[in-house]
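Here are my notes for anyone opening this one for the first time. Have the model in view and follow the points in order.

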Number of protein chains: 2
Amino acid sequence: MKGKKADIFQNILRNSSSPWMDGSGNLGNVAISSRVRLARNLEDVPFPHLLSGKDADLVLKKVFQTVGRVGERGFGGPIIQTSLSDISPLDCQVLVEKHLISPQHAVSKTGKGLVLRYDESVAIMVNEEDHLRLQVLRSGLELDEAWVLASGIDDLCEQGLDYAYDEQIGYLTSCPTNAGTGLRASVMVHLPALAVANEISRVLTAVNKVGLVVRGLYGEGTEGQGNVFQISNQITLGQTEKEIIENLSLVVKQVVSEEIRVRETLFKNHRIEVEDRVFRALGLLSNARKITSDEAIKLWSDLRLGAEFHMIPGLTISDVNEILVLSRPNYVQKVFETTLTAQERDIRRADLIRKHLSSKGV
Amino acid sequence: MKGKKADIFQNILRNSSSPWMDGSGNLGNVAISSRVRLARNLEDVPFPHLLSGKDADLVLKKVFQTVGRVGERGFGGPIIQTSLSDISPLDCQVLVEKHLISPQHAVSKTGKGLVLRYDESVAIMVNEEDHLRLQVLRSGLELDEAWVLASGIDDLCEQGLDYAYDEQIGYLTSCPTNAGTGLRASVMVHLPALAVANEISRVLTAVNKVGLVVRGLYGEGTEGQGNVFQISNQITLGQTEKEIIENLSLVVKQVVSEEIRVRETLFKNHRIEVEDRVFRALGLLSNARKITSDEAIKLWSDLRLGAEFHMIPGLTISDVNEILVLSRPNYVQKVFETTLTAQERDIRRADLIRKHLSSKGV
């Protein structure tokens, strides 16, 4: 990447406000974002982990050509295509932090690629676990809309690519757990009230019982961080895409309504305690001179609850969500374009968050 | 008390900024205030704990007459005289919190009185443990100045009162530990850096070894609260007033220079950590919706360190010291003129502190 495209790409990396985290969309005061991901592979080509470097490059070339033909019109907005080997390790890590590529995709970059819509709402990882992993992100509980766009892009790509498909099974994938629809849909929800009321495990156990999986804000092992949970389907086979999406939407709606019910009780019976928590978070985030990523995410959760309740004049959910991006270790280094120690990052992170809040007048 | 005097007295009670806590005076960035107290008793009158109610009233009357003659000129400013039985229990407690009378003086009010200079810098408790307990308060390390004023008022009072005095012992007092000079001098110092550096006990042990006593911000049992320590003389007999004052001043100066030495090291080697602590305190105090007295005093200490370092534009040591007064349980009830539960006090206290800081533009 050179010239204007490179500048655009750098701007995307440095951008802390992604449209898919702007608090809009259905049930946006609880549902942070919806994600639909499709796994696809090329017919008669070994899966990526069995591919030679040369063959991987051929897959990359073929996908890029097709994507180029699908173009801005097909993707619903301008896109950038790049080989991961053209991206610095730091930039790769920022893409991971921004949920645009998987951590695995960033590990070894040979023969790997990325297609990215400027607004970060559509991305295709090329030669990750499958030849193509297309994801569409939307703010709020908008699985249907995400699915419609993903499906449309998928159809257009299929015009230029022969997908590995079995009449009985459906789409074939590197890992059998993705075979069939190749669809993984997930919704990120913010559940601070259920957490305060100690009802999280009850609700999540119920979610697991209906065959859905719960992960944390940054995947497995981060459960509960910032009171954010990703709920997704486990089964990709034996159900239609429509069924998967509908089932997940239904369950998420139930979780959201439980959260809202507890929030209303909290607000009614413990308003001062909630306000105290929210404004203490605001006071710390807008004054601290050093802050760890963990503390920032914890305070982010309290502040977001305040924005969800419209407690802080002038501060939108979108403004608050930016703090999540500003808090990430690699993002901080990206902004200052330098390698920083953990201690230095804590200082710069505090600076970024303080300036951000100050720019919003709070 | 009625009319204008009553209004003035109420204003004094509600005033959160006392001149003797305005951060001025010698070494005012460490030494909060200096206090000189003289214990005096009337000749041929039993000590207060042996006095009948009628005799106590006679003492009160006699002292008030004399004080009236000493007047504004003698006291260096306008004064108010009142019997404690004319003061509500809440107002008495506010006087205690403002260090203007002792907790014991507020317990039973019969036959007890108070003389108070409007600016709170001079007070006489009548019929506390002794017939007269005269105190002079000054901001900073100003023991000499406090002594000169106390001694001057004492001399003028002596013109109208026969003090119990023994040529061998000196002034006679209810408790023998006060006999001789009847003088207790004390300095309140703020030692946050020594506390952080874990050097408090070393320094205070040294202070004890030279015959001085260390108490907390609100007397015995509050040691270390807000990193404030009161250092005072124990011996009142066998030394002249000048010696007592000079000795105490000398030791306090040493303590202050130790504190300043550690502050400089802190500032040089851990500036960000200090700033972080100061600004987090500011963030919490200016945003919390409920706060206990204990937490407020803890944060006050951090904020005061910031003011001592001139870290917060527009916020003076005097502004910060007001938070100490605003934090006290009875003061909070006084401002709202109502009895409050602990929970209600925490909310009103947070309101008072927030409005105070906001009025200072921080």
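1. A definition to start with: a charge counts as sitting over a ring if NZ of Lys or CZ of Arg is within 6 Å of the ring centre and within 35 degrees of the ring normal. With that in hand, look at A:R328, which lies over the face of A:Y218, at 3.7 Å from the ring centre. Keep in mind that this is a predicted model.

2. There's another case of this kind to look at, and it involves both chains. A:R289 lies over the face of B:F279, with 3.6 Å to the ring centre.

3. On to ring pairs: over all chains, the structure holds six aromatic pairs. One of them joins A:Y165 and A:Y171, whose ring centres are 4.9 Å apart and whose planes stand at 70°, so this pair is edge-to-face. Which of the two residues is buried and which partly exposed? A:Y171 counts as buried, at 11% relative accessibility, while A:Y165, at 41%, counts as partly exposed.

4. Now find A:F267 and A:F309. Their ring centres are 4.5 Å apart and the planes are at 25°, so the pair is stacked. Why does this pair tie together parts that are 42 residues apart in sequence? Because A:F267 lies in helix α8 (residues 241–269) of chain A, whereas A:F309 is in the loop between α10 (293–308) and α11 (317–327) of chain A.

5. Next, the interface. Chain A and chain B each have a part in the contact: 17 residues from chain A and 17 residues from chain B. About 1,600 Å² is buried between chain A and chain B, and carbon and sulfur atoms give 57% of that area.

6. What about polar links across it? Between chain A and chain B there are four salt bridges. Among them is A:K290 with B:E273, where the closest N and O atoms are 3.3 Å apart. Twelve residue pairs are in polar contact across the interface of chain A and chain B.

7. Finally, which elements of chain A give two or more residues to the side that touches chain B? They are α9 (271–285) and α13 (342–359) of chain A. The largest share of that side, nine residues, comes from α9(A).

Notes
Residues are numbered from 1 along each chain as its sequence is written. Chains are lettered from A and ligands numbered from 1 in the order in which they are written. This is a predicted model: local features need pLDDT of at least 70, side-chain atom pairs count only at pLDDT 80 or more; totals for chains, interfaces and linings use all residues. Side-chain values use heavy atoms; hydrogens and water are left out. Rings of Phe, Tyr and Trp (its six-membered ring) pair if their centres lie within 6.5 Å; planes under 30 degrees apart count as stacked, over 60 as edge-to-face and the rest as tilted. Buried means under 20% relative accessible area, exposed over 50%, partly exposed in between (1.4 Å probe, protein chains only). Helices (H or I, at least four residues) and strands (E, at least two) are DSSP runs, numbered from the N terminus. Contact means heavy atoms within 4.5 Å. Buried area is the accessible area (1.4 Å probe) that two parts lose on being put together, summed over both. A salt bridge is a side-chain nitrogen of Lys or Arg within 4 Å of a carboxyl oxygen of Asp or Glu. A polar contact is a pair of N or O atoms within 3.5 Å; within protein, one must be able to donate a hydrogen and the other to accept it, and residues adjacent in sequence count only if both atoms are side-chain atoms.
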